[in-house]
Structure formats: C-alpha cells, structure tokens
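Okay, thanks for coming, everyone. I'd like to walk through a few spots in this one, so let me put it up.

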Amino acid sequence: MLRIHFTTEDLNRLRVAARPDPLWEIVNSLHLLQNRQGALVFDPWRREVRAAIARAGLTRTVASLNRLCPCAAYLPDFLTPGRGIPDLETGLDQVLSTPASRMRAELGQLFAGGPVPPVARRLADGDVEALERLGDALRRYYAVAVEPYLDVIRSAVDAERPVRAEAALSQGPRGLLSTYQDFAWRDDGVLETGYPVDKELELRGRSLTMIPSFFCIRHPVALADEELPPVLVHPVTPDPGWLALARGQGAGDPGVRAAGLPVAQLIGHTRAAVLEVLGRPMTTTQLGGVLRLALSTASRHATVLREAGLVASDRRGSRIVHRRTALGDALMNGGPLRP
C-alpha cells in the first residue's frame, strides 16, 4: 500500500500534467513487454511491437534496456526525471545529465542482489559513450513502441481532463482526487492506493504532480527516492480493441457499413463520431472534450442517439454518463441490426 500524506497546503499545490511523459511511457511499456498483465487490452500491441522490434534489429537493444528497467519493485529514478515533460529530447537530456554519483547509487541498488551487467557498470563509471548509447537506445525504442500510438495515447488522456477540471472547479483538490478510481481519500488527509511494497510519502509542502500514463496498469507508480520532487504516475487504460481502432479496423473505420451504407451517411458524421467514442462510457463533458464540441451540442447529439436506442445514459451523482448500447455496437460493427 502507498500512502501519501497531505496537508491543506499540499492539497493546494497539487498539479496535473497536461500530457503523458515520454520517459514514463517508455519505462511502463518496457514493463508490459516483460509481463502478461492486461492481456486482453495489450496483447495485440505486444505482438505488433515485438514484430517491429525484430524488423528494426532492436532485439538486443531492448534486452539491454530491460536489464536497466526490469519489471520489479525497484526502478532507477534517473530513467524518469520529469514531472510531465511533453518532449522526448528534453527528457533524454535530463536522463543523460544525471550526476554520476546518483546514477552509481541507483544502479548499485538495482543490482544489489546480483552481478552488474557491463552496460550498467560503464554507466555507473560515467562513460560518455555508454551514456550516448543509452540515449540512442531509448530514442529508437520509443520510435517503434510508443510514437506510432501517440494519437490514441493523447486521446485517452484528453478524454479524462474535462472530468478532472470540472471536479477541481466545483469541489476543489479533494474533488479532483476523487476522480481517480485507483485511490481512496481518508479523512486524516492520506491518499491510499495499491502498491507492490508498503510505502509512506510525506509531501512536506512540496507540489505533487499527477502524471497520466497509457502503459501504466494495475496500480500507480511513485519515485523510489522520497527526496526527489514527488510525482504519482497513474493508469489511463484503454478499452479492449483500441489497437484495431487506431489502425482503422472495426468501429472507427469509415468503411464500416450498416444495411449496406456507411454509418456516417446514415446518421451524420458528427453523430457517427459520437457513437464511435461512446464505445467507452463518457460524461457529457468528456464527450465534448474529446470531439471538441460545445457541451450543449454534445448533449443534444447524445440525446438524439439515446432516443434512437443507440446510446444509454445513466445518472451518477451530478453527472450523466453515456455509453453505446448493443444496438449501437451492432450499427458501428456492421452486425445484424435488431430492434
């Protein structure tokens, strides 16, 4: 269990990163390639990326990165230096600028229970060529495992931001924290979440940055060194089938047909887009944010689709959550249409 201790001042300094951090996406995706977690959601991505790694001749490079970034309870903090850095090159500059003493200490902790690989030994010694190779390896891995999926990653993050913003404006920092399903807020000012080890994080007046991560699953991740500026990386897990949609196969394909006609021709392009994204439940605010529609417009389209039996809407507290019905699924997927 991870427990983060807040004072009122700490709550007021809470930050939410606007974009995923490239280095965190690299690290979390490397972990996914080493395990079978989230098989339903990520196995198609695993197969595609492993094939891309082999075609690019990166098999040994990725194996070396896995030794520096094993799927284990401890991760060297120098690999994830930012607090929501949106730019890969800026993040890599920070990684490669890590003081030699810190890199030596963190690599020593990583390999405390066994032999130190030659690449880690050279990095710990401050070898300039080894640092340059590390930067190149991270850059090349990012190009095949993360960069091709940036549109989906950013869309998933963008879909959540309106909900966070609405909660923060109407209920303050506690309301914002309540929108994260993986956390539990205690009355004594402690935020709890599942974690592979028992860990207490005292903020002590420092700003905590919440960083969304597409490839983070199961539980949030914090830095190991509690003296570093605190961050909490949290999952933004997509629906099963996201990769097919990203590749233009399935519901998102303009060529999908119902009764011999494209869906957009039947119900209009905007409502087809609304129906497409509602394969994942969304509030009206989320729907408007994803499709860049005014709230009134998003609500009107959802109402029309609901009256047609293609969308169902449920009230959850002060919010209305919309989702596609079985009839809506059949229309989008080209299946048989039944009343």
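Predicted model: local features only at pLDDT ≥ 70, side-chain atom pairs only at ≥ 80, totals over all residues.

Residues are numbered from 1 along each chain as its sequence is written, and side-chain values use heavy atoms, with hydrogens and water left out.

So, aromatics. I call two rings of Phe, Tyr or Trp (its six-membered ring) a pair if their centres lie within 6.5 Å; planes under 30 degrees apart are stacked, over 60 edge-to-face, and the rest tilted. That rule gives ten aromatic pairs. Take Phe42 and Trp45: ring centres 6.3 Å apart, planes at 80 degrees, so that pair is edge-to-face. Both sit in helix α3 (residues 39-55), three residues apart, which is about one helical turn. Helices here are DSSP runs of H or I, at least four residues, and strands are runs of E, at least two, numbered from the N terminus.

Is Phe42 buried or exposed? Buried, at 0% relative accessible area; the word means under 20%, with exposed over 50% and partly exposed in between, using a 1.4 Å probe and protein chains only. Phe42 also pairs with Phe215, with centres 5.9 Å apart and planes at 45 degrees, so this one is tilted. That pair links distant parts of the chain, 173 residues apart, as Phe215 lies in the loop between β6 (209-213) and β7 (221-222). Ring pairs link Phe42, Trp45, Tyr149, Phe214, Phe215 and Trp242 into a cluster.

Next, helix α5, residues 88-96, where Leu88, Gly91, Leu92 and Val95 are buried. Looking down the axis of α5, those buried residues fall within an arc of 100 degrees, so they line one face; the arc uses directions from the helix axis to the C-beta atoms. They pack against α2 (22-34), α6 (100-110) and α8 (128-145), where contact means heavy atoms within 4.5 Å.

Last, the sheet. It's open, with three strands in the order β11-β13-β12 and antiparallel pairing; strands pair if DSSP finds at least two bridges between them. On the edges we have β11 (282-283) and β12 (311-316), each pairing on one side only. Six bridges join β12 to β13, residues 319-324, and Val311 stands opposite Arg324 in β13. Over in β11, Thr283 is buried at 5% relative accessibility, and its contacts include Val163 and Ile320.

Conventions:
Lists of a residue's contacts leave out its neighbours within four places in sequence.
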